[in-house]
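Welcome! Please take a moment to look over the sequence and the model shown here before reading on.

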Amino acid sequence: MQNFLPFLQWLSDYKKADFSRDLLAGLTAGVILIPQAMAYAMIAGLPPVYGLYAAIFPVLVYAFLGTSKNLGIGPVAMDSLLVAAGLGTLVISTVENYIVLAILLAFLVGAMQFILGLFRMGFLVNFLSKPVISGFTSAAALIIIFSQMKHLFGVDIARSNIFHEMVLNAIAKISEINMYDFGIGILGILSIVLLKKWNKKIPAILVVVVLGIVAVRVFGLERFGVNIVGEIPSGLPSFGIPEFRVDYLVDLLPIAFTLALVGYLEIISIGKSLEEKEEKATIDPNQELIAIGSANMIGSLFRSYPVSASFSRSAILSETGVRTNMAGFFSVLLVLLTLLFFTPVFYYLPNSVLASVIMVSVFGLIDMGYPKKLWQNNKDELVVLLLTFFITLFIGIPQGILTGVLFSLLLMVYRTSNPHFAILGNIKNSDYYRNVNRFNNDTLERSDLLIVRFDAQLYFGNSSYFKKRLYREIQRKGTELRGIILNAEAINYIDSSAAVMLAKVIREVQGKGLEFYIAGAIGPTRDIIFNSEIITELRREHLFIKTSEAVAYFDNPSSVSVVGSKVAYQNRNGL
């Protein structure tokens with residue numbers, strides 16, 4: 001049962017000391033969760049109260065089913081932006097219809113994540129490489145920041161998810177700026193930044209929210225046009241089944257799949273990064289899909305929009321010494337108390353303060369260090385990062401993710417079809433053979449023997465490349481060449497097309513009077529060699545464990561015993 005209900009693992013040996021730690025961590029994260037949830041709902045284009053709804057049942061469900069105690073589940077900036085981007089492309093007549101679609105989107109996202117978890121498809125997230133993630137998150141952070149300019153300026157700015165349009169729309173409204181809103185927002189940004197630098201333990205976001213409410217209430221700033229949150233409905237969210245319609249489903253499925261993968265990626269990346277600090281691994285990737293999928297589906301029944309894991313709240317949980325998922329219950333308790341008793345407190349909260357919270361929170365997503373590293377070491381991956389970044393900024397968010405993934409796959413295909421091909425030489429006074437280009441001063445390359453190493457699986461995509469490079473080196477060696485050794489240590493697989501090619505190469509090489517040997521093939525590769533036409537062209541005594549053995553046999557076949565190699569190179573069928 002613990003595999004299906006992970007909470008049984010920590011609940012069975014829960015201690016009093018765990019309770020005090022979880023209480024502190026849960027309440028601390030909850031204090032940040034409330035203003036963040038309201039702010040992120042605004043990013044999604046929803047009334048602020050829907051952020052609080054999304055901070056109740058999804059958090060509770062994850063507490064029961066999740067496998068990481070460090071994850072702060074709830075509304076997050078990235079998912080909120082994707083919700084706004086996806087729904088923004090649809091023709092939606094009223095706010096009520098927009099809310100209906102956002103709730104249905106949460107159910108679809110959860111259903112996809114749940115199904116992926118059941119079929120153990122968590123590996124799909126691996127197709128989102130780090131350059132794609134970095135480029136996308138940096139671009140999304142800029143889009144989120146500029147999406148809040150309407151609240152910072154205190155004016156109505158035309159909505160868009162295209163960066164240059166957002167900038168132009170904001171510039172066009174500069175003359176209409178409400179200086180009170182602008183001043184409050186700038187002060188909020190500076191206050192949060194300075195308080196965090198002064199003492200990270202101070203809940204800077206909460207302090208700024210409280211000061212903003214007090215300032216508006218005491219000085220009556222709403223008289224000067226300061227935009228405030230206004231009345232927030234009190235009470236718990238009502239139960240309701242999302243409205244399923246065929247036209248809704250057709251429109252929402254593409255953005256739902258994107259959200260399902262991005263939300264899961266956030267959970268895994270944040271959870272694993274925090275686990276590495278603690279040097280204690282508990283995350284089960286497929287169970288996490290089931291947990292967050294269930295959280296989104298059940299949350300949608302109580303008016304929640306899609307949720308995931310927040311890096312800032314997760315970091316708070318980790319820093320305050322959270323012990324178990326019980327901390328999530330205490331965060332939810334704080335949200336419930338707010339909805340039941342304290343919603344009037346937020347009536348005078350300036351929208352510009354929530355904008356300042358969002359801007360500071362997402363600014364950290366802009367990663368400048370990683371592109372610099374790629375510029376120094378991996379310029380091809382930097383191209384993928386920049387393509388993802390600029391397409392996300394100037395064309396669209398889904399297009400940016402899709403393009404990044406496609407270019408990552410193309411880069412992977414290119415690398416596997418043109419892998420490293422090394423010429424090996426003997427390290428002086430040893431039995432080791434290394435790349436002559438890397439150890440040119442310490443290696444000896446023989447004129448009568450060609451030793452090559454192919455650093456990839458051998459398959460239809462690179463078999464022609466292998467043959468071309470091998471024949472080029474044979475031609476370079478000239479008439480003195482008498483033998484060829486293929487070091488197969490790095491070849492972990494040979495497909496049927498490559499097996500046919502290799503058998504043909506061996507036949508052609510031997511037809512020219514040259515000997516062909518294979519050394520260092522691992523078990524799975526040996527199985528393929530023995531069960532394909534390769535073995536019909538390559539004599540069994542030409543298979544060796546070490547390159548040095550193949551060289552010794554080439555020099556003097558009669559003086560080297562090949563029994564050990566033949567026994568070691570038995571395949572799984574005993575041949």
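This briefing covers a pair of helices and then a pocket.

This is a predicted model, in which local features need pLDDT of at least 70, side-chain atom pairs count only at pLDDT 80 or more, and totals for chains, interfaces and linings use all residues. Residues are numbered from 1 along each chain as its sequence is written, and side-chain values use heavy atoms, with hydrogens and water left out.

**The helix pair**

- Helix α7 (residues 130–147) and helix α16 (residues 351–363) have axes that come within 9 Å and cross at roughly 170 degrees; helices are DSSP runs of H or I with at least four residues, numbered from the N terminus.
- The two helices are therefore roughly antiparallel to each other, a term for angles over 145 degrees.
- On the α7 side, Ala 141, Ile 144 and Ile 145 meet Ile 358, Met 359, Val 362 and Phe 363 of α16, where contact means heavy atoms within 4.5 Å.
- The residues of this contact comprise 7 nonpolar, no polar and no charged; Ala, Val, Leu, Ile, Met, Phe, Trp, Tyr, Cys and Pro count as nonpolar, Asp, Glu, Lys and Arg as charged, and the others, Gly among them, as polar.

**The second largest pocket**

- A pocket is an open set of points on a 1 Å grid, where a 1.4 Å probe fits, with protein on both sides within 12 Å along at least five of seven lines; lining residues have an atom within 4 Å of a point.
- Among the 43 residues that line the second largest pocket, Ala 84, Ala 85, Gly 88, Arg 159 and Asn 161 are the closest to its centre.
- Helix α5 gives the largest share of this lining, 6 residues.
- The lining of the second largest pocket has 26 nonpolar, 14 polar and 3 charged residues.

Definitions and conventions
Axes fitted to C-alpha atoms, helices over the stretch in contact; angles between N-to-C directions. Parallel < 35°, antiparallel > 145°, perpendicular 65-115°, else oblique.
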